[in-house]
Amino acid sequence: MMGYEQLWLDYTRKASCGEAEGIEYICVRISDTEQDALIQNSVKELQDAFEGLVGSRPTLRRDNGAGTGAALSGSTGRHGICLALREGMGAESYHLFSEKGDIVIEASDSRGILYGTFDLIRQMKMEEPLFTLDRTKAPLMPMRMLNHWDNMDGSIERGYSGESFFFADHQILVNDRTRDYARLAASVGINAVVINNVNVKDAATWLITDRYLDKVKELSEVFAGYGIRLYMSLNYAAPVELGELDSADPLSDQVGAWWNQKMKTVFGRVPNLGGFLIKADSEGRPGPFTYGRTHADGANMLARAVAPYGGIIIWRCFVYNCMQDWRDYKTDRARSGYDNFMGLDGSFLDNVILQIKNGPMDFQVREPVHPLFGGLTKTNQMLEVQIAQEYTGQQRHLCYLLPMFQEILQFRTYVKEGDDTVRDIVSGRTFGQHNCGMAAVVNTGNDENWTGHDMAAANWYGFGRLCFEPELSAEEIAREWIRVTYGNDDQVEEILMFLLMSSWPAYESYTSPLGIGWMVTPNNHYGPSVDGYEYSRWGTYHRADHEGIGVDRSHEGTGYALLYREPNASVYDNKDKCPDELLLFFHHIPYTWKLRSGKTVIQHIYDSHFEGVEIVDEMAEQFMKLQGKLPDRAYERMAARFREQKEHAREWRDQINAYFYRKSGILDERERKIY
């Protein structure tokens with residue numbers, strides 16, 4: 001027992017795939033000079049999978065002199081898997097097909113071989129036919145990244161799955177678990193990982209020094225064997241905090257020289273390093289504003305320092321004034337990212353990527369898409385989402401987020417007549433960029449099941465699959481995750497599909513109505529507190545009074561709605577046209593306002609909160625039917641989570657409904673119990 005599970009790479013459950021039983025060997029048709037750790041890991045993964053799923057371990061053959069593409073077995077009746085490199089295919093792409101009784105994985109490079117390997121194993125676990133396969137796949141997103149918020153003392157900021165498996169007691173951990181993490185990430189197409197918290201402090205500032213570089217290199221080599229580039233979050237003020245300079249001014253020649261020398265040392269010691277993620281001038285983090293400089297000044301200074309080594313600087317756009325006065329109705333946190341970065345469009349070097357949150361606030365259950373998508377036209381952009389569920393139940397509540405992510409990717413920005421969706425922009429299609437992609441604040445920790453709630457693993461799995469193949473629907477990804485994790489029992493699949501696809505609508509229903517967001521307990525963000533942030537400095541207001549609720553972001557309010565391109569700007573600016581699900585984000589609306597459903601705002605609040613609880617009750621009831629169908633430990637863990645979700649959904653319902661009944665004095669038309 002390793003102390004943790006293998007999730008969708010668990011090979012202990014036998015697969016009913018008779019075709020696989022005839023596969024006796026793996027033929028590596030790749031010259032010795034082209035072979036690397038990725039090929040070796042691909043072979044090992046196939047051998048382990050067949051040994052576990054089928055009961056036989058294919059032997060390894062090498063055929064370094066043969067041409068690519070041709071199978072070996074012919075009419076011998078013996079079958080194998082052939083791995084071959086082929087020129088002319090796109091980076092990281094692969095072709096998985098059957099030829100003359102063999103299964104062939106052809107790819108442009110070693111990463112493609114690895115991704116094709118995991119795809120073949122996925123087909124085996126889903127008990128799909130193998131000898132009729134003909135699949136050519138290429139990842140749409142160039143960068144498919146996970147952002148860890150792990151601290152070097154072992155804690156995780158906004159971590160809901162135990163402690164870090166990268167750090168403990170200010171040391172870097174490299175062991176079987178980090179290798180299995182790399183396997184799990186690579187199996188869904190992840191190719192970049194940031195290992196430490198964006199809020200860099202204390203020992204983490206020293207990650208770029210001799211104190212840690214040997215271990216950083218060791219971890220980077222484990223990652224490289226699975227096609228993953230290691231990134232680190234960087235302390236912008238490192239020259240000062242390491243005690244070597246008295247300034248971090250990006251326009252200072254001395255500071256620039258310091259970073260040039262530092263990066264020469266770091267990349268010399270860790271050649272597999274991908275680059276750095278920077279959070280600057282937000283929530284108290286140091287940055288170029290200290291010296292009267294711009295974000296472009298700061299990012300470009302670092303970009304020049306890492307450019308000789310192929311390094312990338314990822315600069316987060318989560319920037320806002322965290323000292324806002326709640327009495328000020330014109331200052332709007334939602335505007336801050338746009339106001340800080342739109343005027344710098346075209347000012348960033350090509351090895352800088354701006355990492356932009358999906359919405360303008362902070363990973364709420366419902367937000368409009370960030371207006372920088374479609375605003376910026378000359379700058380590399382990356383979409384940042386959060387699968388850590390900070391505001392969506394913290395992996396205690398089930399909340400499958402892939403339907404939300406699909407909506408975000410499909411949002412039309414109207415920056416061009418075509419190829420204008422968020423997906424088009426962050427895949428590079430819109431502006432022909434190659435430094436772009438998607439990042440997720442990840443939901444893992446050292447819990448036995450990695451993600452706290454067993455079903456939260458669907459968000460980790462689904463994010464990777466969505467980055468690789470955004471054309472997959474949320475339903476297709478969910479069904480795939482269920483089958484590779486729990487097998488191919490029809491009842492298990494049907495019930496878990498219902499739970500996953502019901503969960504985001506349910507969570508939205510019993511928490512925050514009509515796009516208002518927040519209303520959470522300050523600091524830990526778990527559970528309801530309607531006025532928790534209402535008079536705070538954080539700019540997270542709902543502005544409810546006795547007549548109505550919502551923030552006026554129209555042209556008569558903060559003007560935020562007008563930051564979008566037409567026709568989005570006119571739609572959001574007009575309360576008669578604004579989508580109901582975002583109405584209170586953009587407008588202060590009377591409780592008696594009629595929505596498109598025909599309900600008033602206040603009745604929608606009442607109804608949605610009661611309905612959300614009813615859905616959760618149905619989810620819990622359906623889950624109970626799986627006792628004996630799922631592994632016992634997993635069932636008990638999930639059952640406990642659903643019991644908690646039922647209890648907390650009621651707390652949300654009763655607190656929200658009581659609050660707005662007391663504010664408005666308007667009775668529930670259906671005369672249900674409101675306190």
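The lining of the second largest pocket is made up of eight nonpolar, five polar and ten charged residues, where Ala, Val, Leu, Ile, Met, Phe, Trp, Tyr, Cys and Pro count as nonpolar, Asp, Glu, Lys and Arg as charged, and the others, Gly among them, as polar. The model is a predicted one, in which local features need pLDDT of at least 70 and side-chain atom pairs count only at pLDDT 80 or more, while totals for chains, interfaces and linings use all residues. Residues are numbered from 1 along each chain as its sequence is written, and side-chain values use heavy atoms, with hydrogens and water left out.

This second largest pocket holds about 370 Å³ of space and is lined by 23 residues, of which Glu157, Arg158, Glu283, Tyr320 and His525 lie nearest its centre. Pockets and cavities were found on a 1 Å grid over the protein atoms alone: a cavity is a set of points where a 1.4 Å probe fits but cannot get out, a pocket is an open set with protein on both sides within 12 Å along at least five of seven lines, and lining residues have an atom within 4 Å of a point. Grid points are joined across faces, edges and corners, and a volume is the space filled by probe spheres set on the points.

The largest pocket has a volume of about 730 Å³, and its lining consists of 31 residues, with Glu5, Gln6, Leu7, Asp10 and Tyr11 nearest its centre. At least two lining residues come from each of helix 1 (37-53), helix 3 (176-187), helix 12 (474-486) and helix 17 (632-664), helices (H or I, at least four residues) and strands (E, at least two) being DSSP runs numbered from the N terminus. This lining divides into 13 nonpolar, four polar and 14 charged residues.

Nine cavities of 30 Å³ or more are present in the structure, and about 80 Å³ of space lies in the largest cavity. Of the 13 residues that line the largest cavity, Cys317, Phe318, Val319, Pro360 and His370 are the closest to its centre, and helix 8 (336-341) and strand 14 (352-357) are the elements that give two or more residues to the lining. Seven nonpolar, four polar and two charged residues form the lining of the largest cavity.

Two packed helices are described by the angle between their axes and the distance between the axes. Helix 1 and helix 2 (residues 110-125) pack at an angle of about 10°, with their axes 8 Å apart, where axes are lines fitted to C-alpha atoms, for helices over the stretch in contact, and angles run from 0 to 180 degrees between N-to-C directions. The two helices are therefore roughly parallel to each other, a term that covers angles under 35 degrees. The residues of this contact (heavy atoms within 4.5 Å) divide into twelve nonpolar, three polar and three charged; among them are Leu38, Ile39 and Phe50 in helix 1, and Ile113, Leu114 and Phe118 in helix 2.

Six strands form an open sheet with mixed pairing in the order 2-1-3-5-4-6, two strands being paired if DSSP finds at least two bridges between them. Strand 2 (59-62) and strand 6 (134-137) are the edge strands, each pairing on one side only, and neighbouring strands of this sheet are turned by 20° against each other on average, direction ignored. Helix 2 packs on the sheet and touches strand 3, strand 4 (94-99), strand 5 (102-107) and strand 6, its direction making about 55° with that of strand 4. Within the sheet, strand 1 (residues 23-29) and strand 3 (residues 79-85) run parallel and are joined by six bridges, with Ile23 opposite His79 in strand 3.

A closed barrel of eight strands with parallel pairing runs 7-10-11-12-13-14-15-16, and its neighbouring strands are turned by 25° against each other on average, direction ignored. Three bridges join strand 7 (residues 143-147) to strand 10 (residues 192-194), which run parallel, and Asn147 has Val194 in strand 10 as its bridge partner.

Most residues other than glycine have a negative phi, and most peptide bonds are trans. The peptide bond from Glu566 to Pro567 is cis, with omega near 5°, and Pro567 is placed in the loop between strand 17 (548-549) and helix 14 (568-573). Gln389, a residue other than glycine, has a positive phi near 60° and lies in the loop between strand 15 (381-386) and helix 9 (402-409).

Key: Angles under 35 degrees count as roughly parallel, over 145 as roughly antiparallel, 65 to 115 as roughly perpendicular and the rest as oblique.
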